[in-house]
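The paragraphs below go through one protein model, starting from a single residue and ending with the whole chain. Please keep the sequence and the 3D view at hand.

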Amino acid sequence: MHPRASKLIAAIEAKNYSAPPGPNVGRSFLGLSAELGAGKSFLAFPSSRARSVETLLAKRSSECFSGVTPASPDADGLRKRIEKKIKNWVVQG
């Protein structure tokens, strides 16, 4: 059985694109994050030039992390957000 969305702490969709993702990727991600719950979804990808996706997600509760590669500052930022989500969940639980 899949876990219920209401029990979800955080969800990460990570994609490895050879070119910057376009607005269709952002729209698909928004649909997924709407199903999983506001403020619980993160989109991460290695390209640092995905302005259309970043603009689309800028005023949403889901977060976008571009330029995520191993040991990059962007990967560190994503890791810190995940750690914060888990710590908040532990304190609330």
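Does Ser-62 count as buried or exposed? The model is predicted, so to speak of local features pLDDT must be at least 70, and side-chain atom pairs count only at pLDDT 80 or more, while totals for chains, interfaces and linings use all residues. Residues are numbered from 1 along each chain as its sequence is written, and side-chain values use heavy atoms, with hydrogens and water left out.

Ser-62 counts as buried because its relative accessibility is 5%; buried means under 20% relative accessible area, with a 1.4 Å probe and protein chains only. This residue sits in the loop between helix 2 (51-57) and strand 3 (63-66). Helices (H or I, at least four residues) and strands (E, at least two) are DSSP runs, numbered from the N terminus.

Leaving aside residues up to four places away in sequence, Ser-62 touches Phe-29, Ser-33, Ser-41 and Leu-57, where contact means heavy atoms within 4.5 Å. With Ser-33, the side chain of Ser-62 also makes a polar contact of 3.1 Å, that is, a pair of N or O atoms within 3.5 Å, of which, within protein, one must be able to donate a hydrogen and the other to accept it; residues adjacent in sequence count only if both atoms are side-chain atoms.

Now the whole chain. Three helices and three strands make up its secondary structure, in the order β-α-β-α-β-α along the sequence. Of the 93 residues in the protein chain, 30% are buried. Among contacts between residues at least 6 apart in sequence, 55% join residues at least 24 apart.

Conventions. Buried < 20%, exposed > 50% of the residue type's maximum accessible area, 1.4 Å probe, protein only.
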